[in-house]
Amino acid sequence: MNQFSDDCVKSEIRKLTESVGEPAVVIDESGRLLGANLPFEEIAGFSCSELVGKPITEFAFLDVRSKTMLLKCISQVARESRARSCRISIASMSGIDKVFDVKVERTELNGRKMLRLFFCKASQRVRKESDVHTSLSNASEGKLSSMFFVASLFPLFILDTDGKVTDCNAAAMEILGYSDKKTVIGRSFYDFVTLADRQKAVDAVQKTLELNLMRDVEVFFAASRRFLGELSIAAIIDVYGKPSGFAVAVRDLSEKRNIEERAKAAQELLELQVNRMPIGLIVWDTDFRVKTWNPSATQIFGFAEKEALGKHPYDFIVPKKAQRQVDKVWKKLLAGDSAAHSVNENLTKDGRTITCFWCNTPLKKDDGTVIGVLSIVQDITETEKVEKTLRAAEEKFRIIFENVRDIVTYVDRYGRILEVNTSVEELLGYKREEILGRNFLKLGTIKPSDIPRILNLFVDALRKKEAKRLVQLELRHKNGRTVYAEVGTRVLREGQRIKGFVNIIRDVTPQKIQEMQLKSLKEFDDRILDSLGEVLLVIDPENYTILKANRTAFEQLKLGRNDVEGKPCYAVLHHESQPCQERVCPVRQVSADGNFSVTEHVHFDGKGNKVYFEISVHLVKDLHGKSVVIQVSKNVTERKRMEQALRESEETFRAISNAVKDALILVDESGRIVFGSTSAEKTFGYLQDEAVGRDIHSLITPKKMTEQKEQIMAGLKKFAETGQGKYVGETVELVARRKDGSEFPFKLSLSALSIKGKWHAVALARDITEQKRLRKQLEDYSSQLEQTVALRTQQLEEAHQRLLKAERLAAIGELAGMVGHDLRNPLTAIKNAVYYLKRKKAYADENEKAMLDVLDKSVEHANKIINDLMEYSKGIRLELNDCSPKELLQAALALIEIPENIKLEDHTTDKPLIKVDCEKVRRAFANIMKNAIEAMPNGGKLQIKSKRKSENIEFSFTDSGTGIPEENMDKLFTPLFTTKAQGMGFGLAICKRIIESHGGAISVRSKLGDGSTFTVTLPIKPKKEFLNENILVHTQSSAVSA
């Protein structure tokens, strides 16, 4: 006891008893009292100091039976460590015995094992049972009252020492099931006990004799019914102090056992719920310290039970800023306020701040004194938002349910209506009372033809198929009108048993009428759409599916409805397997930003033909609020063809105008330039953008302009009115001024042309500076040559006129022979005359020698032009021989001289042998290389390669020269086109004829400033038409035959 004498241990023992409101004591395992609370002192009539240290069985306020029961219960708990209960009587100071149920449980304090006893008042019935024990106790002393024996509600038996029944009361007869007492008197009491429990009853009686104490024992009785009974046995002592018999009270324990078992199960369930409940449970004492801390509290705050017990909440779970609020709540709880709940922030062991809901209940004694507080706490940090959402949803559902206009019915599995809302009166005209209890199929609201459909709906619901399926029916209103309704059902089950069906009937009459109107409107819209002359498609922008198309779409795309609607637009219109990637997709663009301008697309009809469309798209909402794209496509195929024809015409005109060496200028009726050819740019020095809009007269020398101004202005005025004039159709010589201010003589030819009802003049201007110079030189040597040149010039002028009238350049071939014959004779005479003059005037001055050299070179140049012209105009006869690519190149190199500042790289091969006219091909190669050398005046590199490609040999001539302007690329192989100061432009044209006469091809690629590459392709073996070496091959130039 010494270790419990200090104040600390006494304080802890006091807490073990004062934490509850009912009487309680703490004893050690030997049964000695260690402490008691105030309620126990009140029922015992002694103070705690008077009781501490004494064995509990020596307390005078306990009778013998209570002491025995209490010792038995204490020993069982000490041995089994499991809480047990027993019932005892305590004699109070007033002399009235009180019955208590005592619960005994084990506990520890500072490592010392001890027991804690809780005393709970028993019920009124229990107190009556206690009275029986008291009476039996009196009976053992010879004080049994005959009145009590007869009037007692509990079965009482008087036995002799052999156990035979000598007397019993009416309650005993009733419990045994007998009506005549004679059938019981004289029989052994043990006959009424089951064979299995009979010995237990005999032993109990014997022990009562041995110990002279009243003894309780539980046995099963086998009377008219089998029941569990508790025997309270007391020996009857005669006047000599010897036992003369026994008084036995029987208590039916069946109900008590059931109650105890239920109470035990409830206690265990309560403990299990406390320990396993998902929310925290905390019990505080009046000092606001933890007395109970369940696992859920640990889970919420992170503190174990040992860490929390005895602690003040401000020391570990309540932050400082929440303490003022908690103080207010705690004061209310101590004042007995049962509604002092709160929501506040708390702290966890790991330092987190959480939000908790606290439901607090003050724990009170019977007199209302608060002895502690029970708190239920829940972490609502994460669930607070969810709860708020749920509350909003519940409120929304409640409002919807209260205001729902649909008919909601609950029918049993036989079809009887058990419940229906008031909407039935509004929708069908029936009052709720009229249809409750009736079969819904026999109300007359459902058409007989619709009954199978509604039954199928129920069957599908039972089979859990199409749980969301709805059926549209025509219901009959009470007044006879038709109501269109949509019906759905759900099955109500109780386990596997079907309880009934919940049906929702929605009035869709307005929708049905609107649907019929929409159907009619849709048919009307379809007729309007089909009457449109343009293709109209409705497209889903999410998957590019064509939702609808008009009749024009089917006609122009040459497809049926099934080939268009429901198919992706890219598959129908572009014959592709995925959405447009390279081209602009109008559907995707308008879906992305809502804006899209008109564009053109090439579509394909059902037969694979290209169809050109001008497309405009609009993003709109359909009746369901979904975005769709309306695509309107205008067929512009014919317009595209006309535009293409116009472009081709313009390109042809531009090609012709650029091919003409003379300057071609288009002038409007006011004399302003509308168009100028490339030759015009070169002749006058003005770019087209600079020339357009200028007065044509600004290009004429002011002096000449002044001299002929009145005539020109009068002619323009007349031309603007009639398209006729003095100079229309004629050629005049004028002096022009270039952009740089230099003047030159030119010939001007005018032709009239009407464009959009206005007269325009086509002016053909030729720079005749060189002609005048040559003419002046030749005038001194031969008047005959002058006349011939003049004649032939006139013929060339006429040839140009035919060219302007769209005649082909084949006219050059027609004139070639005649010009060559007529010009060679005088050229020969001039050549001889020059030679003679050089011989005769060997000592002439330098100026005269220079003039003779110029004349000699001019004759040679003119002779070369005649040779080129005649060679170009006559047919080509091929003499085919076998030679290698390298041999061809070496032969060509022998014809030209490679300057020292040009590096030649020969990458040609010795194989294969090709059959060509070696002489003609080497001349063509030499001409190409000569042009390359002239393109590199400052030196460079000329690279020649050969390689086999299938049945052909490909030669490439790559130079690092100045390159060719892009505008000259298309005219390189055109006869009479040249960019050189001298020459007539037949070199490359003849090369082209030679290569093409072998069945080959020649091409060029160039970039200004980066050099050029000429590619010649020759067949290894000639085609059939070239097998005979003696065949004369006629190959027309593309420029002539185009």
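## A walk through the cores, a sheet and a cavity

Start by selecting Met-929, Phe-957, Phe-1014 and Val-1016: of the 39 residues in the largest nonpolar core, these four touch the most other members. The model you have open is a predicted one.

Next, colour the elements that supply this core. Those giving two or more residues are α30 (885-893), β34 (914-916), α31, β35, β36, α32 (987-997), β37 and β38. Helix α31 makes the greatest contribution, with eight residues. As background, nonpolar side chains in soluble globular proteins tend to be buried together.

Now zoom in on Met-929 and show what surrounds it. Beyond its neighbours within four places in sequence, Met-929 is in contact with Leu-889, Ala-892, Leu-893, Ile-896, Leu-942, Ile-944 and Phe-957.

Switch to a cartoon view and pick out five strands. They make an open sheet with mixed pairing, in the order β33-β35-β36-β38-β37. Which strands stand at the edges? Select 902-907 for β33 and 1001-1006 for β37: each has a single partner strand, so one side of each is left without a neighbour in the sheet. On average, neighbouring strands here are turned by 15° against each other, direction ignored.

In general, strands of a sheet pair through backbone hydrogen bonds, parallel or antiparallel.

Then bring back helix α31 by selecting residues 918-934. This helix packs on the sheet and touches β33, β35, β36 (952-959), β37 and β38 (1012-1019). Compare the helix with β36: their directions make about 25°.

**A cavity**

The model has ten cavities of 30 Å³ or more. How much space lies in the second largest cavity? It holds about 230 Å³. Select Thr-409, Phe-440, Thr-445, Ile-446 and Ile-505 to find your way there, as these are the closest to its centre of the 18 lining residues.

Finally, colour the elements around this second largest cavity. β16 (407-412), α14 (423-428), β18 (471-476) and β20 (497-507) each give two or more residues to its lining. Among these, β16 gives the most, with three residues.

Methods
Residues numbered from 1 in each chain as written. Predicted model: local features only at pLDDT ≥ 70, side-chain atom pairs only at ≥ 80, totals over all residues. Heavy atoms only, no water. Pairing = 2+ DSSP bridges. Helix = DSSP H or I, 4+ residues; strand = E, 2+ residues; numbered from the N terminus. Axes fitted to C-alpha atoms, helices over the stretch in contact; angles between N-to-C directions. Contact = heavy atoms within 4.5 Å. Core = buried A, V, L, I, M, F, W, Y, C linked by side-chain atoms within 4.5 Å. Buried < 20%, exposed > 50% of the residue type's maximum accessible area, 1.4 Å probe, protein only. 1 Å grid on protein atoms, 1.4 Å probe; cavity = no way out; pocket = protein on both sides within 12 Å on 5 of 7 lines; lining within 4 Å. Points joined across faces, edges and corners; volume = space filled by probe spheres on them.
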